[in-house]
Amino acid sequence: MSRSIALLSYPDCQLLDVTGPWQVFASANELSGRDLYRLHLAADAPGSVATNSGLPLLADTAWRDLSTLGALDTLIVAGGRGVAAQRQRPELLDVLRSQARQVRRLGSICTGAFLLAESGLLDGYQATTHWRHCTQLANEYPSIEVVPDALYVEYGGRFTSAGVTAGIDLALSLLEADHGSALAGQVARELVLFLRRPGGQSQFSEILATQHRASGALRQLLDRLHADPSAPHRLEELAESIGVTPRHLSRLFRQQLATTPGTYLTRLRLEQARLALVVSERPPPLERLARQWQLGGAEQLRRLFQRHYGISPSLYYQRFGPTAQAIVSAATTHSASNGR
């Protein structure tokens, strides 16, 4: 059975929002030796589409003509800064509403969720988007239950994903639901990716946000901390490594990152402990985890989890550990098979 998948592009869309998922499905075709997916790129009209990177894409169909492609199985909307202009186009919103009644799966990558939201297609649903825009999505569309830390969310046949590369995670999950974990795993290995990436968006938002805000010597110091969070990292030694006094280093952290060196390092270590927790086949002893990442003892680690994630380590493992991921994968596969 060959499934028809269309990705919706527009001027100033994010290049990887299109090419990332596209490559997953194209690789599935190549590695299986079968035409599992027929891929289409939709835009205002067939022809060149300027992405926000400057590299153009080549659309083969107009979104107005999606209905002429036959039974479209899946429609995925790309994100990017150009989505703001697309939200103001009633005809496009009407086409999305019409397609939502016909396709088996409707999804978005990154800020493409705003286009689905403007169409009313996420009202009453759970959804996510790029971590930087989750608050905006929740504020502008209060009828949507925004899940800020998810890499992707499936809810009632609507699929939304976090920023950029999370679209690849979503595509792999769709492939797995369609054709099983063996082929999805083969594609993931071919593309040198996790089949199911551990953790959520916050592991990336913390790093990306700080690297964006920090500059000069502090940026170099952050690279050192991120490379080895569990090292002792005494304040005096850190300051000396970039040729400043401990007092001046603390001032740089406050000015550029609005935090202190100690608080920043604790949060970074906590992120590593969280990642170690969710990839473990069995829950590791908290005392050992705390000792490994220089976070005091088990009780201190529990308090840190509760303060930063609003949940205990044990409950976090139950929700996001390998067993929970397997349950979600099975549920998605069951949902997809029922929708055929």
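These are my notebook entries on a predicted model of one protein chain.

**Ground rules**

I number residues from 1 along each chain as its sequence is written, and side-chain values use heavy atoms, with hydrogens and water left out. Because this is a predicted model, I take local features at pLDDT of at least 70 and side-chain atom pairs at pLDDT 80 or more, while totals for chains, interfaces and linings use all residues.

**Entry 1: the whole chain**

I looked up the secondary structure and got 15 helices and eleven strands. These are DSSP runs numbered from the N terminus, helices being H or I with at least four residues and strands E with at least two.

Of the 340 residues, 51% count as buried. Here buried is under 20% relative accessible area, exposed is over 50%, and partly exposed is in between (1.4 Å probe, protein chains only).

For contacts (heavy atoms within 4.5 Å), I looked at those with a separation of 6 or more: 63% of them join residues 24 or more positions apart. The accessible surface is about 15600 Å², and carbon and sulfur atoms hold 52% of that. That area is from the Shrake-Rupley method with a 1.4 Å probe; for residues, only the protein chains shown count as cover.

**Entry 2: salt bridges**

How many salt bridges are there? I get 16, taking a side-chain nitrogen of Lys or Arg within 4 Å of a carboxyl oxygen of Asp or Glu.

I checked Arg 87 and Glu 140, whose closest N and O atoms are 2.6 Å apart. This pair links distant parts of the chain, 53 residues apart: Arg 87 is in the loop between helix 2 (83-86) and helix 3 (90-100), and Glu 140 is in helix 5 (residues 134-140). Arg 87 is buried at 14% relative accessible area, whereas Glu 140 is partly exposed at 39%.

Next I took Asp 178 and Arg 104, which form a salt bridge at 3.1 Å, N to O. Asp 178 sits in helix 6 (residues 166-190) and Arg 104 in the loop between helix 3 and strand 7 (105-108), so this bridge ties together parts 74 residues apart in sequence. Asp 178 is buried at 9% relative accessibility, and Arg 104 is buried at 18%.

Then I looked at Glu 271 and Arg 267, a salt bridge at 3.5 Å, N to O. Both are in helix 11 (residues 261-278), four residues apart, about one turn of the helix. Glu 271 is buried, at 3% relative accessibility. I also noted a network: salt bridges with shared partners join Arg 3, Asp 73, Arg 104, Arg 105 and Asp 178.

Most residues other than glycine have a negative phi. I found Asp 12 with a positive phi of about 70°. Asp 12 is in the loop between strand 1 (3-8) and helix 1 (15-32), and is partly exposed at 30% relative accessibility.

Where does Ala 258 lie? I place Ala 258 in the loop between helix 10 (246-257) and helix 11. Its phi is also positive, near 55°. Ala 258 counts as exposed, at 70% relative accessibility.
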